[in-house]
Amino acid sequence: MNKFKLLRKFLTHINLEKEIDDFEIIHKTIEKDIVFKGTNLWILVFAIVIASVGLNVNSTAVIIGAMLISPLMGPINGMGYSIATYNFPLLRQAIKNFTFAVIVSLLASTLYFAISPIYSAHSELLARTSPTIYDVLIALFGGLAGIVAISSKQKGNVIPGVAIATALMPPLCTAGFGLASGQFNYFFGAFYLFTINTVFIALSSVIISQILKFPIRTIVEEIHKKKVNRWISIIITLIIIPSIYFGYKLVQNERFTDNANRYIQNIGVFEGSYLLKNEIIPERKSIKLIYGGNLLNENTKKIIAEKAKDFKLNDAEINFQQGFSINQFDKNVSEVEQLKTEINRLNNTITQNQKFLDTLNNKSKLGKVLLSEINSIFPEIISCSYFETPIHRIEKTDSVNSHFVILKVKNKSKLSNDSKRRITNWLNSRLKTDKIELIIE
């Protein structure tokens, strides 16, 4: 019985019907937002110019500001709503206004980039040229949030957030940049991203409109309903398949980059050669390595290239380039290059010394570790010291390293010979040596 109460309580929490606005108000809101003339048209042009400037100077804050004031969501929600309610006159009006808005946006952004003195493509522009399946998910769930907010009595501040998340403005501006600069790969990539956002925001509107059972205002035959549903399925399929492929390529490139970075960390220093610079090109599955120090011979290059297989880079193309080489130094070599070589040599020496110091530091703590282990077997032992040192003997010219272990027992306690023998055997096994000098105080 309690399970049914919990289920009923959960269903009450997720129920949208209690907060849904009047259907007539929702219809008028969507119908009003479809129109692109006067105020809406000028706001769109201003938003496009602001977004174009933000992309041009690579300013994320400016781009977000443009997305906040953009009215492009209106006709997209209108298309989804009219499809769900089979309101074909409204659908035609939404498509007409949306097409007009897109053309105006492209003209405004193309004109801006045509007269802008900055021609380089920054990261904010490039991010809009390679859409993937993740953009589909963002558009779908962003659109769901948007149409739910429009349908609710509590509008809140969801719509501006949806405008930022789904990012309708930047792809249009990037498409304008592609047209203005003649880089049509940018145009097609950005316009495809814009198409993804448009289709899946509209699809979100269709889904929520049908779930909330928005009333159908016109008489529609069943054959028309089937035709509309078939067209929706075809469009979604055509849009989503390329995005899945691009998403797969993105994941593959990220994986290649991660493996390549781990590989590069492993081959930084190799037989007197030092990696000065590297370049990872995931699209080509290529890694460029520039070494300085000793001159790389073909055998060394082969060994370094073979190491790539240990990092799942079997198909990677490893390209080597030789920087300055100490084998090629002559009287005319510059002092700067000599200093670079010396710095690399010193860095390598420091690294080796640090490893030695780390080893000494770990050995200095070994006495504490041994005490914690041996005390559980022999509680009367209360302290332990450990150190390793060579023992020199007069009758022998060479010396042998011995491991000294000094144990202290409680007052009046005394270890038997059998206990001492057991401790010695345990230390031999624990320290993996038979050169143990045991001293008991």
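Two strands count as paired if DSSP finds at least two bridges between them. Helices (H or I, at least four residues) and strands (E, at least two) are DSSP runs, numbered from the N terminus. The model is predicted, so local features need pLDDT of at least 70, side-chain atom pairs count only at pLDDT 80 or more, and totals for chains, interfaces and linings use all residues. Residues are numbered from 1 along each chain as its sequence is written, and side-chain values use heavy atoms, without hydrogens or water.

Confidence is given as pLDDT, the predictor's score for each residue from 0 to 100. The protein chain has a mean pLDDT of 77. Of its residues, 80% reach 70 or more. Among the elements, α6 has the highest mean, 87. The lowest, 56, belongs to helix α9 (residues 158–166).

Three strands form an open sheet in the order β5-β6-β7, with mixed pairing. Its edge strands, β5 (381–391) and β7 (436–440), each pair on one side only. From one strand to the next, the twist averages 20°. Strands β5 and β6 (residues 400–409) run antiparallel and are joined by ten bridges. In one of the pairings, E388 has H403 of β6 as its bridge partner.

Angles run from 0 to 180 degrees between N-to-C directions, and axes are lines fitted to C-alpha atoms, for helices over the stretch in contact. Helix α15 (residues 366–374) touches β5 and β6, and its direction makes about 135° with that of β5. Helix α16 (residues 417–431) lies across β5, β6 and β7. It runs at about 140° to β7.

Other strands form hairpins. Strands β1 (residues 269–270) and β2 (residues 273–281) run antiparallel, joined by two bridges. V269 stands opposite Y274 in β2. Two residues lie between these strands, and E271 takes a positive phi near 50° in the hairpin. Eight bridges join β2 to the antiparallel strand β3 (residues 286–293). Here the partner of L275 is Y291 in β3. This hairpin has four residues between its strands, and K285 takes a positive phi near 55°.

The largest pocket holds about 610 Å³ of space. A pocket is an open set of points on a 1 Å grid over the protein atoms alone, where a 1.4 Å probe fits, with protein on both sides within 12 Å along at least five of seven lines. Points are joined across faces, edges and corners, and the volume is the space filled by probe spheres set on them. The lining comprises 23 residues, those with an atom within 4 Å of a point. I83, L91, I95, I232 and I235 lie nearest the centre. Helices α5 (73–84), α6 (88–115), α11 (184–211) and α12 (222–266) each supply at least two lining residues. The largest share, eight residues, comes from α11.

Technical notes:
Contact means heavy atoms within 4.5 Å.
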